[in-house]
Each structure stands twice: as structure tokens, then as C-alpha cells.
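Colleague: Could you zoom in on one part of this model for me and walk me through the backbone and the packing there? I'd like it in one go, with your cut-offs spelled out.

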Amino acid sequence: MDSIYILGIESSCDDTSAAVIKDGILLSNVTASQAVHEAYGGVVPELASRAHQLNIVPVVDQALKKAGVEREQLSAIAFTRGPGLMGSLHVGVSFAKGMAASLGIPMVDVNHLHGHVLAHFVKESEDDNDKPEFPFLCLLVSGGNSQIVLVHSYKDMEVIGQTIDDAAGECIDKCSKVMGMGYPGGPIIDRLARQGNPEAYTFSRPNIKGYDYSFSGLKTSFLYSLRDWLKEDPDFIEHHKEDLAASLEHTVVDILMKKLRLAARDLKIKQVAVAGGVSANTGLRNAFHDYANRYGWKVFIPKFSFTTDNAAMIAITGYYKFLEKDFCPMELPAYSRVTV
Ligand code: KG4
């Protein structure tokens, strides 16, 4: 049987990424990040789409070159259809359409969130076989989402819990901004937290039914506490930034893990994965190992390169859809909002 080559394209937010997968094994994964947003303390959609326009051709070229694959060898092009920023998505979607049409090959549309979950199935070599077994639970935590997903199969995913307001990453980023730290706040809080006391301060925790999350109350509690402490000591942040970061991280991780544990217990599932940008967090990774020991979970934590947005996860999701001949028509539009 001929080999299957999938080119994956990701452009949903501020990373332009392309990856090539051959028969389910990753050959290349090239990402151009956009430093232009740092000065604004957040992603500026208009600037993001312009940067995608500049990056998309060289990134795809590099991914093919690194993989040692000619474009004529490609079996299909998988692309992120949504959710994400419309102007950013349009660049990847239009590029995928143009390239697929010129090569006369099928296109496969990929839900970005499915991609994050299936990042666990990216194989970097033939013997890289440590993958979750269906059904498993996946905690999907990023700048825009905080969800508990019950993964029945490659295509069948059920959101059993999600945030009713802010996402976990958004909460960390906003608290970091309030402290006058850089953007994005997640990695900065992570670094500071390693030197701080997680029990130094307590912030309010949500009391929400079921498996849903809420992070806006924590954000407000952090803001108000900080405001009071700054009245007493104008240099409070400088003096206590490590403890503030550690206590914030500890609270977020605890909220995330307690609901996940509830779902795992109720559904009697022991295979538990984490995905999305916040899964790079050291405290969250440690908590996963801790819960694995305490509750007999088998846990799946992605490599750092597969935590934030990347095209390898889009290509592998596209590969499984390709095997089922689940192609999409040329006129398919991007979409900005949807859950898994
Ligand atoms: O999945 P992702 O790359 O992008 C989208 O949300 O689209 O996630 C980005 C989020 C940001 O909120 C960022 O601050 C957070 O992931 N993040 C982290 C860490 N690295 C990235 N949060 C906590 N600790 C980290 N080490």
C-alpha cells in the first residue's frame, strides 16, 4: 500500500505552524511565533493575520523541506478550521484550499480543540506507542478554554465540564498583567512560582456544581487582595512576587484537579490526559504525577512542543480523518467559536 503523507496547517491564533506526517509518524513540525503582540500585552487580531500572511509560505516550505517530502507526494492537507481568530484562520484555510486545489488532493478540516486532545497520538518514531486508550479523560486547558473532555474515540469527544466564564490560562495571564509582569503571563508565573510558597496566600475558590469551572472569581479575589496589600506596602508585589505566583498557581491547579478527580471517580476512568498551553505548567504537571500515585491513574502529559499551538496535532487529527475518507468540500468556511 502507498504511504499516506499529510500536511497539517495551524493558524488559529498567533502561531503559524506546518507539519508533515507519514503513515502516522511525524517527520517535521515547524512553528513561527509572533513576538509583535508582546508590546500590547495580548494578541492583536489584525496584527496576527498580517503575520500569518508573511509566515505561511516559508513555514510550509520549511516543513516540507525538513520532512524531505515533495508537495506532489502529499495525500491530503489538514487545516485548522476553528475555533480561533477569524482573520488568522482565513489565512490557513485559504492557503490550504489553494494548495489542495493546485495539487488535486483532498482537504481535511480539523477542530483545533480535537487537535489539542489528539496531540497525545503524535508518534515521533515507530516504537513511540505510549498512547491513551479509549475512553479517556482529557483536561484541556489553554488561554481560551478550560474543559474536561470525555474522549470516546478519535472523532467522538464529549465535553462534560467547562468554564462558565474565564479560562484557566486567561485567569493566570490577567493576574500576571495586574502584577505588571510581561505577556504571556503563564510561563512567567510558572518560573516565579518555583521559588515561592504555595500556601502563602489564599484566594477565593468557586463553588460550582458538576464538572464545570469558574475562574473569574479567583481573578477578582486576586485583584482585590493585591489592592489592599498595596495600600499597606507600595512595593508589595516586588517583595512577594514569588509567593503571589506560587499561591495563584496552586489555587488554579487545585481547582482544575479536584473537578477532574470527581469526573474520573464518577466515570471510573483511570486514563487521564492533559492538553493545551497551560499543560506546560510545572505545578499542573506535578499534580498529574501526584494524582497518578494517589488514585492509580495512568497519566498522559504532552511534550512541551505539543502543548501550545502546533501543526503536528492538526496533521495527526487529519490523518485519522483521512483514514475514514472524512474529507471536506472546497467551499467550507472557517468558524470562530465552538466547543469540542
Ligand atoms: O493553547 P495555547 O497555546 O493557546 C490558546 O489558548 O490558543 O495556550 C496559551 C495559554 C496562555 O494563557 C499561556 O499563558 C498559558 O497557555 N501557558 C502557561 C504556561 N505556558 C503557557 N500557563 C501556565 N504555565 C505555563 N508554563
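Modeller: Let's start with Pro135, which sits in the loop between helix H3 (112-118) and S6 (helices are DSSP runs of H or I with at least four residues, strands are runs of E with at least two, and both are numbered from the N terminus). The peptide bond going into it, from Phe134 to Pro135, is cis, with omega near -10 degrees. Bear in mind that this is a predicted model, where local features need pLDDT of at least 70, side-chain atom pairs count only at pLDDT 80 or more, and totals for chains, interfaces and linings use all residues. Residues are numbered from 1 along each chain as its sequence is written, and side-chain values use heavy atoms, with hydrogens and water left out.

Strand S6 (136-141) takes us to H4, as S6 is one of the elements that the buried residues of H4 pack against (contact means heavy atoms within 4.5 Å). The others are strand S7 (146-151), helix H5 (185-193), helix H6 (216-232) and H7. Within H4 (residues 168-178), the buried ones are Ala168, Gly169, Cys171, Ile172, Cys175 and Ser176. They share one side of H4, because their arc around the axis is only 160 degrees, taken from the directions from the helix axis to the C-beta atoms. Buried here is under 20% relative accessible area, exposed is over 50%, and partly exposed is in between (1.4 Å probe, protein chains only).

Now follow the chain out of the helix. Just after H4, Gly180 has a positive phi of about 80 degrees. Pro184 then lies in the loop between H4 and H5, and the Tyr183 to Pro184 peptide bond is cis, again with omega near -10 degrees. For context, most peptide bonds are trans.
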